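Me: Please take a close look at one part of this structure. I would like a single connected account.

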Amino acid sequence: GLMTTVTFAQDWGVDSRTRIDMSGDNDKMVTNQRATLGATWGGSDWGIHLSSDVNYMLSNQAATGEITMNIFEAYASTDVMGYANVTAGRQALNYGSGALISSNDWGTNRTTWDGFKIGLDLDMADVTVGYASNNMGGADSNGVADGSNGNMYLNAGGEFSGWNVNLVYMTTTTDGESGDNAATGIDISGEVMGAGISASMNSDFDENEMRVIGLTYAVNDDMGVHASQTVYGEDGDFNMAGTNMDGSWMTTGNIGYLGAGAELLSYGITYKMSGISLGATMHNVTNSMDEAVDTDATEISLGYSLNDNAGLHLSMVDDNEVKYMWLTLNVGL
């Protein structure tokens, strides 16, 4: 999409994103635009933040566009005698890899959470505990409002012997009744012999599993290669509603969650030269439970640094069924 970020001092911010759907034989052109205006007021030990989203869709298949507006975030935070930070209100939460808790940044109705959290900066780790109900703009298939789904969560992260470790633990209640299981996620990353290694192990509320292993290596100062493997358990479809992976290229800007038994292999190369960055990534999806599943997607990106405060980035993806283009412009003052 087209993403424009303008910051006035440290108190106001504007964020604009546009994505273009060119699926089919380029006979469809659907443009989704979202603009976010936010403001923050505060002092040394307190703060208040408010932001709003405005969404607009333009399509050659529709007579008129549709404009919607909603409150994105509205929260207040304060420091408690230097021991903790307490935040209450509507917030966008992003923890760990984002597989369990994230805000769906490219979605029309981004996921936010109404509740509170307490952050503790301990010697060994940064720990956050909280309670919130999720809001995804509507109701589920049973007609239950999303706000009735409550979650207790804990996030703990720190560095241990050169390895970064993050733990997410999340329980759920629906209409006041607790679920039988908890969702858990463990992320580990570090460096071995000049190569970056990462692993993410996740289990959703139904005990369905998703595992990601990644590798990055800098060939030289300008060129790098990367590869990753994502494997889904065969017991059921892994899914956490409203995250950055809950959807597809069209709604989240990535391939999204895959079905039970699926395996995703991704590998690519990046290159930087005189403010220009190039990248290409190949994705291949197979499924151990269905031999007919064998799909590929190609992702290409081009970036240019205009100056220290501005950059332009173009990315395209083609997976034979979906064609998408994102043009991103970042400007900071």
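Reply: **The nonpolar patch**

At least two residues of the nonpolar patch come from each of strands E10 (163-174), E12 (183-192) and E13 (195-203) (strands are DSSP runs of at least two residues, numbered from the N terminus). The model is predicted: local features need pLDDT of at least 70, side-chain atom pairs count only at pLDDT 80 or more, and totals for chains, interfaces and linings use all residues. Residues are numbered from 1 along each chain as its sequence is written, and side-chain values use heavy atoms, without hydrogens or water.

The patch members are Trp 163, Leu 167, Ile 186, Ile 188, Val 192, Met 193, Ile 197, Met 201 and Leu 215. Together they have about 760 Å² of accessible area (Shrake-Rupley, 1.4 Å probe, only the protein chains shown counting as cover). Members need over 30% relative accessible area and no salt bridge, with nonpolar side chains joined within 5 Å.

E12 gives the largest share, 3 residues. Val 192 lies in this strand, E12. Val 192 is partly exposed, at 33% relative accessible area (buried is under 20%, exposed over 50%, partly exposed in between).

Tyr 232 touches Phe 238, Met 245 and Ala 262, among others (heavy atoms within 4.5 Å).

How values were computed:
Patch = residues over 30% accessible without salt bridge, like charges linked within 9 Å, V, L, I, M, F, W, Y side chains within 5 Å. Salt bridge = Lys/Arg side-chain N within 4 Å of Asp/Glu carboxyl O. Helix = DSSP H or I, 4+ residues; strand = E, 2+ residues; numbered from the N terminus. Buried < 20%, exposed > 50% of the residue type's maximum accessible area, 1.4 Å probe, protein only. Lists of a residue's contacts leave out its neighbours within four places in sequence.
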